[in-house]
Amino acid sequence: MKINKIVIFFSVITLNLFIGCNKNGLNSLNDHFYVRHAGADMPVYIHGNASEKVFLLFIHGGPGDNGLQYREGIASKNLEKDYAVVYYDQRGQGLSEGKFEQQDVTISLMADDLHAVILTIIKKYGNDISIFLLGHSWGGELGTAYLLKNNYPPNVKGWIEIDGAHDVPKINVELTKMIIKVGNQQINSGNSKDKWQELISWVNKLDTANINFEQGRDLNRKARIAEQILINDGFVTAPDKKTFRDLTILYNQNIITGIFSGYYTYVNNEGFYAEIETTSYTNQLHNISLPSLFLWGKYDFIVPATLGYDAYYLVNTQQKDIIIFEQSGHMPMKNQPYKFVKTISNFVEIHK
Amino acid sequence: MKKILFTTVVILFFVKLVYSQQTDTLSFLQTRTFTFSYFGNNLLNPGLKSSINFTLSEETIKKTKTRKNNKIIDKSYNNKWILSGNIGFFWHPQSHVAVFNYYLISMQKLKLKSNRITLFGIGPGIYRSFYPETYTVNKAGTVDKIILGGRMYFAPVFSFGSGKEINNYFFTERIFTTNLMFLFDYNTGIVPLLNLELAFTFDFKR
């Protein structure tokens, strides 16, 4: 019996070692390196098919999440078949290490970090590569900040914003409107009446012109509740259950480290949150002239689709499109992964 | 690999044989015990650790307890204060390798009847991560590759363990330890690492 337990114990360890083994070759790339910039050491993971020299760079959400979260699920698995997909942990998040002060963390510095990651990928894989930026949620705000600096290299061929938070003050206003509008529609249809009434009455108490830091966080929580109600009632497609591949990716994120690191760098950093909560790029979107694709979940309460339409109309390019995912919330890559992959592939094939 | 393992076991056997026959004076090796551990960071990131342990003080306390049915139970125990130096490494397969060195003052209690051991230790340490491949980007946007990229942290450790004294020819104790290591300053704060150890102690004087 004891021998069996020991065999199982060491088998699991051996399995873990195999999971960590790298296959290298442009068709099945598994690359991992760190980028050091301004006191932060950020891990970069590149997986997939780099034979066409097209790199899709995920700018993760949060702040407080990590890059590898976006590797879970069918969407990334399918994207990796055709493209090299880059996941990186932003400073103070996931497994990124370093030493810097809380007050040094700004959106501008993090946009410079992103620039450092892009320059390193170009240095490693050559000047002839094409890079597409995919910013989700907070990553949409960071990606927009980066593009507005207008110092990106010519290798950056396109901008894909996925439910991106490029105007947080507007999010809070639109979110309250959306809860009231969708809530009333659902109540009239007889769906989860009590839950919607509770949400609407909470929202009605807010002074939407003066939403403070704490109320902003509460609103974000209510938005998640609203989306969950719609998942339960079948209006939003529930994400697939985690596969063994997802669990190994989850394990490699080292969540304990990520939670503590994120807590000190962001959650407990009121100055940085205040910057996020008050930052609005809507009036500067006309300075973006890169081919752009905006992907939004129809039922995204966290970042309502109004922001997607704003961006679509305001960016200064004719090479733009907006796709609304009818059965999705804040994570269309998990709610409707096949449509998500197809939409991105179509855009990349045109602009690569 | 098999050759290395076989050679290690043979060397340990002869070293032990030699030292167990020197009874006149206690040598350096005989006054210390050595511990070899499997070190699992966050449960499964595999690693190894070795320690050298020096007993600072030791006392045996005789104690009995009489039950209601007049049965006498032996509650005697042995208390040891141990100073240990520890060095080891672990490998996060998708990320980095870490090397650490820490010193523990531990209190170890051995129940003489059941041979059960419990211990608690605390002490300072250092930790160094090594990244697989690292590039640095300066303000001008120049990218350079650096060797041995990584970070060093002050890493105090808290250790809680339980195990058993065993009468194996090589090993005297088998202890399962939960080890909490705190890394300062990790980004802007502190990060704890939860490590599990399966340790075997080797005593040259037995």
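This is a predicted model: local features need pLDDT of at least 70, side-chain atom pairs count only at pLDDT 80 or more; totals for chains, interfaces and linings use all residues.
## Where the chains meet

Let's start with the contact between the two chains. On the chain B side, 28 residues are in contact with 34 residues of chain A. Three strands of chain B, namely strand 9 (134-137), strand 13 (171-186) and strand 14 (189-203), each supply at least two residues to the side that touches chain A. Strand 14 of chain B gives the largest share of that side, with 5 residues.

## A strand pairing across the chains

Strand 9 of chain B is also worth a look for its bridges to chain A. Strand 1 (residues 29-37) of chain A runs parallel to strand 9 of chain B, and 3 bridges join the two.

## Two helices in chain A

Now for a helix pair within chain A. Helix 6 (residues 193-204) and helix 7 (residues 213-232) of chain A have axes that come within 11 Å and cross at roughly 160°. Because angles over 145 degrees count as roughly antiparallel, helix 6 of chain A is roughly antiparallel to helix 7 of chain A. Their crossing is left-handed.

Helix 6 of chain A makes the contact through A:Lys195, A:Leu199 and A:Trp202, while helix 7 of chain A brings A:Lys222, A:Ile225, A:Ala226 and A:Ile229. Of the residues in this contact, 5 are nonpolar, 2 are charged and none is polar.

How values were computed
Residues are numbered from 1 along each chain as its sequence is written. Chains are lettered from A and ligands numbered from 1 in the order in which they are written. Two residues are in contact if their C-beta atoms, placed from the backbone, lie within 7 Å. Helices (H or I, at least four residues) and strands (E, at least two) are DSSP runs, numbered from the N terminus. Two strands pair if DSSP finds at least two bridges between them. Axes are lines fitted to C-alpha atoms, for helices over the stretch in contact, and angles run from 0 to 180 degrees between N-to-C directions. Angles under 35 degrees count as roughly parallel, over 145 as roughly antiparallel, 65 to 115 as roughly perpendicular and the rest as oblique. A crossing is left-handed if the near helix is turned anticlockwise from the far one by less than a right angle, and right-handed if clockwise. Ala, Val, Leu, Ile, Met, Phe, Trp, Tyr, Cys and Pro count as nonpolar, Asp, Glu, Lys and Arg as charged, and the others, Gly among them, as polar.
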